[in-house]
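Take a look at the structure, then read on.

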Amino acid sequence: MPGIFKISSLLLFLGVPIFLSSQPLDSVRFHQLFDSIETLNNAGRYTESFQLAQMLYDQTLEDFGDQSKFTANACLALGIAHLKSGDPGEAATLFQRCIDIRKALFGADFIELPMAYNALGTVYSESGQPLKALPELEEALRILKIHFPEGHPTFAQTFNNLGVVYDYLGEYDKALEVYQLSLAAKQASPGASPIQISNTLNNLGAVHQYKGELEKSIEFYQKSLGLLEQNGLENTQEYVLSLMNLGTVWYLAKNKFISRKFLDAANERADAVFPENHFQKGSLKLNLGINFIEMGEVEKAEQMMKDALSIFRANFGEGSYFDMPCMIVLGHVFLKRDQPDSSLTYFRQAVDVAVANLGENHTQTIMAMNNLGMAYDQLKQIDQSIGTFRVAIAAYEKKFGQAGQPVVPTLDYLDAHVNLANMLLGEYVRNGSSGVLRETQAELEQCFSVFNAMKSVATDHLSRQALVSNNYTLVEIAIKAESYTNPPKAFDFAEQNKAWNLLATVNEQSAKSFAGVPPETLELERGLKNRIAFFEKQIAESIDNLDFETAMEARSQLDSLNLRLENLKRRMEIDHPEYFDLKYDLATLSVPEIQQKLLRPGEALVEYFTGDSMIYIFVVTPDDYRLEEVKRDFPLQVWVDSLRNNIFKNRSTGSAFYVQAAADLYDKLVRPVEKMLPERLIIIPDGLLGYVPFEALLTERPENPKHYDTHDYLLRKHQISYCYSATLLGKMRERQHQPPPTKEFAAFAPFFTGSKAGLKIYQPVQFTADTLLASLRPALPELGELRHSGTEVRSIQTLTGGDVFYGEEATERRFLKIAGQYRVLHLATHGLADSRAGDYSFLAFFINNDSIENGLLRVRDLYNLELNADLVVLSACETGLGELQKGEGVISLARAFAYAGSKSIVNTLWKVDDARTKELMITFYDLLKNGKTKDEALRLAKLAYIENNEFQAQPFFWAGLIGVGDMSAVW
């Protein structure tokens, strides 16, 4: 917080004449001081502004009395100071007094009244009383229209404040409209301060957040931060609020790591810019409490909620709108403690507060009722639970029915339907009534109708990702319901929720190929996407360093490019109707379609869905189908962690633990369906199973766990490949690259630093018995030399021909420039997965310290890249790992290459060994050149490795490499 100056020092600093209370005010002196207060507010110096406003108010009363125009102005200035200091009650009193004085002196249409009406409306809005705010703001707008033409900068604040009210009322399109008008008016006004513009940018971010348009929301919040930082306003309330808003939207995007990063940054600055009990500190504590409850830190969440509730009640009294979210979080605290009676009390209070402040049919009232219904469920009060969800749905639908409009679907409305379907299904399980089952299925149809309506407007990557994650419970309920009467339809539900985000992107690429979009248009699109990828990367790295000024500069470039890309796509849809039809056709493959179109003789699709209480295994062969349910009465997370840890971390000492986990997982995941399985398998994992190398599961428990070369691996019985969904596999197989690649093979080995001339050519299936210690690479992120990578790529080049780039030749810039020209890409480099934020996982290229380029190609950077590759081999660490997201799966580098256009990817599930990977890769390519399919070549390479490395046959050395996508032969 800025130092507290004496009055005389403050006035000298501002260049304002000093006066003492014994000196009477005149008009000139009054306006100088009034303007100085505004200057301090715009600079975020609220303590000094308050001192000066109080002094001006006292002096004005003494010199002009309590009914002068100067007194009205002083009331306005002091009211703003009280609002900024966290005292909205006193602020409202002063603003109303200003209005009364001005109306009495100058009439109801006085040109200066809108400012006071705006101020009073702001108090009501920030106090959670939008219905009281609306008439004040409408009166301000009425007066402004009398005195000013449309679009005049004077309208800016009124439009902004109306947007806040529409936000509260859930009328988001109206809010967007008036916020945009406010922003345009502010930007057109030379007197608008960065803080004023930041306020509207934050509000635009908020309304996009409420609409579920998360990337647009982040865009506006980042603009706000960049604008404030550019103007040296990092120590202001608006800056902290922008950080908090970013934390909130990233939480909604299901990324708790990034969310916490921004919330912690806001919390660190909050005490310096907010008074002790300022209501916005309550908002920050509320958001942190929500984050804590999600992370299972119950004690911290409870303390945050108590602090937030205390602050809100000190500002607004008991029973204000702000009590509601605090009560909901406290209810979840007691649910976590298995105290449903206490949680029920809090959820009831939340509903009462929501109805009193927002009405019974508001979206947030439905949210409160959803939580109340869940508490009834915990208490086994089933009728009350079902009734609560039905009341919530009916109330929300009534709101739109009264207005004669179709219902606008929201997540809270969808949740109410999902919760009702879940309760009805529970009733069916308990009593077996066919009527209840039909009611359940009808409710599920309604759920999917709402969900599909939301899918149709979720256009950006993060929004689709969050929507699919939220939909996971619905899919589990639907699978369970259909498993009783229609197992093939249960598969349809499982498939619809898998990799939808990725499927939408792949579908768009396929649509362009089949619709005959001209090459020059595609080239223009590729160029725009490459530039977009560059600026997105720059923004991400700037935000990593909290350098929001650089991020804002990049964002302005990005905005222009995104607009051009949107316009180009719109033209493509208009000019090529068939492209539009294909692009938005996201129908998934049914069981009969998979049998007829996808599977080849001797091949089976094994698809998993990991629910909370059950694991569903779907097996589809060309002439059969089976749904197997496995109770989740075992510690899946513990078993998966044990398998991976004892393959990778404890590979020299954990043989018995590995054997136990590998055999246990086989018994649960494969043995129930093993009699149906032919030799060739396509596995579609789900959830935690995305981290499991199925080839390393054990069909039998060995007598000697340490004899790795003799174990009964699943690899010995089955040829296995993977994909993210059955439908996506079909798309990847059908993908036609436009234009087709002009070159055959390119490899990059940025961390080979030796002499190229001295590279030894390594022959396939010729293995040496190096010791374990000699072959281990330096741990990431040191990014040391990969001495075997040069031999690896040079040996492969002798088999395939093509181009290889070593060391300083292997830059990120070169890869991005030329990658689209090649049919096969091989990257022998370092990789690092980020399980907290999958978009930040990276592949490393040569790092030139003299360049601004950092050499790290992140997942996010690949989303706008367009490749023409039939195969991408990621001979690097952890390229199949990343953040686990419900529905979408593991957000990994391999997945990003599927986004970018590759038909197939070979990737890794842990930090692989440099030397052993070299051996596998050379054999793999030798088999490919001899006409083997990718999955067969990879299997044979692994078996050959085990056969030739008796003492180094641990799964660590071979099981981490897996094939994803179209496994057709390359040559």
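In the predicted model, Leu113, Pro114, Tyr117, Asn118, Leu120, Gly121, Tyr124 and Ser125 of helix α6 meet residues of helix α7, among them Pro130, Lys132, Ala133, Glu136 and Leu137. Contact here means heavy atoms within 4.5 Å.

α6 covers residues 113-126 and α7 residues 130-147; helices are DSSP runs (H or I, at least four residues), numbered from the N terminus. Their axes come within 8 Å and cross at roughly 165 degrees, with axes fitted to C-alpha atoms over the stretch in contact and angles running from 0 to 180 degrees between N-to-C directions. The two helices are therefore roughly antiparallel (angles over 145 degrees).

Residues are numbered from 1 along each chain as its sequence is written. Local features need pLDDT of at least 70, side-chain atom pairs count only at pLDDT 80 or more, totals for chains, interfaces and linings use all residues, and side-chain values use heavy atoms, without hydrogens and water.

The chain has a mean pLDDT (the predictor's confidence in each residue, from 0 to 100) of 83, and 85% of its residues reach 70 or more. Two stretches fall below 50:

| Stretch | pLDDT | Contacts beyond near neighbours in sequence |
|---|---|---|
| residues 1-22 | below 50 | 41 contacts |
| residues 765-781 | below 50 | 41 contacts |

Finally, phenylalanine 30 and phenylalanine 34 lie four residues apart in helix α2 (residues 27-42), about one turn of the helix.

Key
Parallel < 35°, antiparallel > 145°, perpendicular 65-115°, else oblique.
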